[in-house]
Amino acid sequence: MSKKEFTITVYTENQIGILNRIAIIFSRRKINVESLNTSPTEVDSVHRFTIVINETEDVVKKLCRQIEKQVEVLKAYYNTEDEIVWQELALYKVPTDIIATEVKVERLLRENGAHTVVIRKDYTVFAVAGHREETEALIKVLEPYGLIEFVRSGRVAILKGSSDFHDRLKEFEKQEPGEDVVENEFLSENEKVFSM
Amino acid sequence: METLELQTVKEPNKPVSQLSGSRAVLEAFVAEGVDTIFGYPGGAIMPIYDALYDYHDQLKHILVRHEQGAIHGAQGYARVSGRTGVVFATSGPGATNLVTGLADAMIDSTPVVCVTGQVFAHLLGTDAFQETDVINITTPVTKWNYQVTDASEIPAVLAKAFYIAGSGRPGPVLIDITKNAQLQLFDYAGYTKCDHIRSYRPKPIVRKEYVEAAAKMINAAEKPFVIFGQGVILGKAEKEFLQFIEKAGIPAAWTIMGMSAIPTEHPLAVGMLGMHGNYGPNVLTNECDVLIAIGMRFDDRVTGRLDKYAKQAKVIHFDIDPAEIDKNVKASIGVWGDCKETLPMLTQLLEQKVYPQWLKKFNDFKKQEEEICIVPEMNPTGDILSMAEVINLLNELSKGEAVIVTDVGQHQMVTCRYAKYKTSKSNITSGGLGTMGFALPAAIGASFGDTSRAIVAVIGDGGFQMTIQELGTIMQSEAEVKIMILNNQFLGMVRQWQQLFHDKRYSFVDIASPDYVQVAKGYRIPGQKVEKRENLKEAIQTMLEHKGSYLLEIMVGKEDNVFPMVPQGCSVSEIRLK
């Protein structure tokens with residue numbers, strides 16, 4: 001079985017520490033995580049992890065079972081690229097004078113579907129959402145014109161076959177509301193708290 | 001009890017009662033039926049210990065000599081009783097000293113709840129005195145852990161802790177409670193046990209069609225073989241298991257963790273699997289046509305080389321943990337579920353059968369093993385005692401009724417090979433993690449978990465010196481533990497490997513011992529040293545009859561090896577008898 005790219009989607013409780021519990025499942029087995037994104041879902045107490053790794057299906061299946069074994073994990077799925085719709089967001093910082101003077105750059109930006117986020121006297125920030133190849137292609141294009149900084153987000157993915165997901169999630173939450181996260185409210189109040 | 005006065009105030013908006021976080025912890029313990037706590041106090045857990053002062057008539061506290069002793073004690077308690085063991089430790093070093101025991105309990109699926117003290121919440125992350133990130137240190141070695149920073153969380157969090165530790169595939173849970181939460185008063189509305197967490201499914205739903213498919217495969221088998229692990233004991237399914245193998249007539253072998261689930265002398269019991277297991281079950285794993293695994297996880301010490309493991313057989317795997325199915329050995333049929341439920345379903349669908357020819361094969365291998373290994377080991381020709389004859393005498397004198405706790409190494413393998421058991425939960429050992437130093441504290445814990453049976457700790461001279469300080473716990477708590485040190489003056493198992501695989505380059509395995517009898521005497525534990533065969537029987541008898549703890553140091557052959565052995569990297573059928 002050969003390695004290929006898999007996108008793992010994990011639904012979890014919104015609790016502190018679950019990120020670490022999931023992350024060490026990969027690091028313990030010396031598996032590199034290509035990209036990781038956590039986000040809320042449409043339901044307050046449920047969080048969603050999108051993890052991209054390169055592995056064999058056999059390994060991915062086992063990883064998902066280990067993830068699901070965690071007390072605070074609701075469900076873990078794995079999918080190949082053809083089963084999901086996905087995007088990554090990239091930001092590019094470029095000197096403004098070049099954009100202003102080099103027409104070619106402007107056209108290339110348009111061709112790559114970039115839009116302007118910020119224009120300042122000294123620099124401009126463009127954003128592109130798309131697949132890895134697309135965001136990477138623009139780096140190459142901008143490099144000769146003095147790309148100052150580049151950053152790309154983790155992948156977000158939506159499962160093609162998830163017809164009644166939203167309703168099921170809502171129903172689940174309605175039946176049994178999740179618990180609120182208890183954060184350390186004392187942390188910023190050092191001086192007010194009595195200590196021995 | 002002068003603990004808390006529950007003001008049953010009826011008016012709305014008034015608190016039911018004000019309780020400190022510390023007391024809420026102890027109330028939780030009482031409500032969960034905890035009777036014994038293994039622990040060690042320290043700065044960050046002082047409020048809980050202060051509250052404990054008032055609970056001493058309900059909660060017995062065993063003061064250990066090192067936190068590792070506390071958690072191994074709780075493990076021994078849990079393993080012998082089937083109940084959750086409980087531990088207290090302070091922050092920082094107190095908590096880090098628990099890590100070995102947590103890892104041990106994790107890999108051996110032992111239900112333990114540890115409560116650790118933590119620095120004040122406002123000091124978290126400031127490198128405060130005795131502050132350490134216990135939650136992150138223990139995440140890989142706990143089934144669940146949680147940090148409490150507010151007292152009002154305590155009842156619900158502890159209820160979750162006990163539920164998670166004891167349900168499904170059991171495991172250790174650690175609750176870290178900051179000192180402010182221990183001191184804080186909050187409105188206490190009573191303790192409610194937890195029986196459900198929405199994201200946690202301890203018992204997978206049993207799919208009947210898989211049980212049916214398994215039954216069909218077993219009924220059609222000609223050489224079926226059952227291998228089982230601790231799942232049978234943890235599922236309290238010993239009776240259901242026996243009914244299954246007896247109806248199906250299938251020979252059954254155990255992993256080290258499954259040992260004692262069925263009587264060792266049962267006609268269908270064919271012995272132990274694995275690296276130092278019995279000859280027949282190892283060889284015939286590679287000859288059976290249907291291999292039925294129940295509540296076991298195909299550890300590498302059981303399977304040997306995986307790509308040569310039971311390749312001819314169809315594998316049926318029963319386990320409560322879905323992550324175990326197909327993890328190491330691909331199953332033809334995986335049956336998820338609690339074996340207490342799945343086994344009766346299976347048994348019902350099975351035909352009453354016997355396999356005399358197949359069973360004879362096991363017996364033929366047993367005869368060979370007896371001739372080459374067992375008989376010579378039991379009856380050494382020289383004056384020097386062998387471990388095997390010691391265990392054999394122990395069986396005879398304890399009538400197979402004692403709980404035997406072993407440490408890790410040669411003595412462990414010999415004990416597991418030769419010990420005879422009649423009742424379940426009689427073999428307590430560190431199976432998965434192989435923790436030297438486990439036996440003495442685990443035996444202490446076991447003595448509190450089951451006061452009706454003799455607890456015999458069989459320990460090597462290496463492992464004993466790792467947690468020797470727990471003799472102090474025995475002295476103070478008046479635990480009744482019979483300690484048998486099998487002293488071969490070596491770290492024997494490592495030496496055996498050095499002899500066999502490293503050209504006898506005995507690198508740092510020659511370990512010196514103190515005068516154990518004198519050491520024990522210092523702790524007011526009587527004992528004696530035995531070097532001669534003629535004194536052995538009487539010495540074991542004296543030890544077993546003595547009221548209270550007793551230490552027996554037995555000098556055994558320095559360079560004896562444990563055989564049979566599946567050399568590392570070899571298939572189970574390549575097991576060597578010498």
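1. Let's begin with one bridge in chain A: A:Leu36 has A:Ile51 of E3(A) as its bridge partner. A second bridge links A:Val33 to A:Ile53, again in E3(A). Please keep in mind that this is a predicted model, so these pairings come from computed coordinates.

2. Both bridges belong to the pairing of E2(A) with strand E3 (residues 46–55) of chain A, which is antiparallel and runs over 7 bridges. The two strands make a hairpin, and 5 residues lie between E2(A) and E3(A).

3. How do the strands of chain A line up across the open sheet? There are 4 of them, in the order E2-E3-E1-E4, with antiparallel pairing. Strand E2 (33–40) and strand E4 (73–79) of chain A are at the edges; each has a single partner strand, so one side of each has no neighbour in the sheet. From one strand to the next, the twist averages 15 degrees.

4. Now for the contact between the chains. Chain A contributes 23 residues and chain B contributes 24 residues. On the side of chain B that touches chain A, 12 residues are nonpolar, 6 are polar and 6 are charged.

5. Turning to chain B as a whole, its secondary structure amounts to 23 helices and 20 strands. Its radius of gyration is 25 Å, close to the 25 Å given by the globule rule for 578 residues, so chain B is as compact as a globular protein of that length. The C-alpha trace of chain B spans about 75 × 60 × 40 Å along its principal axes.

6. Of its 578 residues, 55% are buried. Among contacts in chain B with a separation of 6 or more, 77% are between residues 24 or more positions apart.

7. Is helix H17 (residues 410–418) of chain B largely enclosed or left open? It is largely enclosed by the rest of the structure, because 8 of its 9 residues are buried. The buried residues of H17(B) include B:His411, B:Met413, B:Cys416 and B:Arg417.

8. Finally, a charged residue worth a look: B:Asp560, in the segment after strand E20 (550–555) of chain B. B:Asp560 counts as buried because it has 22 C-beta neighbours inside 10 Å. Beyond its neighbours within four places in sequence, B:Asp560 is in contact with B:Ser386, B:Met387 and B:Asn488. B:Arg495 is 65 residues away from B:Asp560 in sequence, while their C-alpha atoms are 9.7 Å apart in space.

Conventions
Residues numbered from 1 in each chain as written. Chains lettered and ligands numbered in written order. Predicted model: local features only at pLDDT ≥ 70, side-chain atom pairs only at ≥ 80, totals over all residues. Pairing = 2+ DSSP bridges. Axes fitted to C-alpha atoms, helices over the stretch in contact; angles between N-to-C directions. Buried ≥ 20, exposed ≤ 12 C-beta atoms within 10 Å, placed from the backbone. Contact = placed C-beta atoms within 7 Å. Rg over C-alpha atoms; globule rule 2.2 N^0.38 Å.
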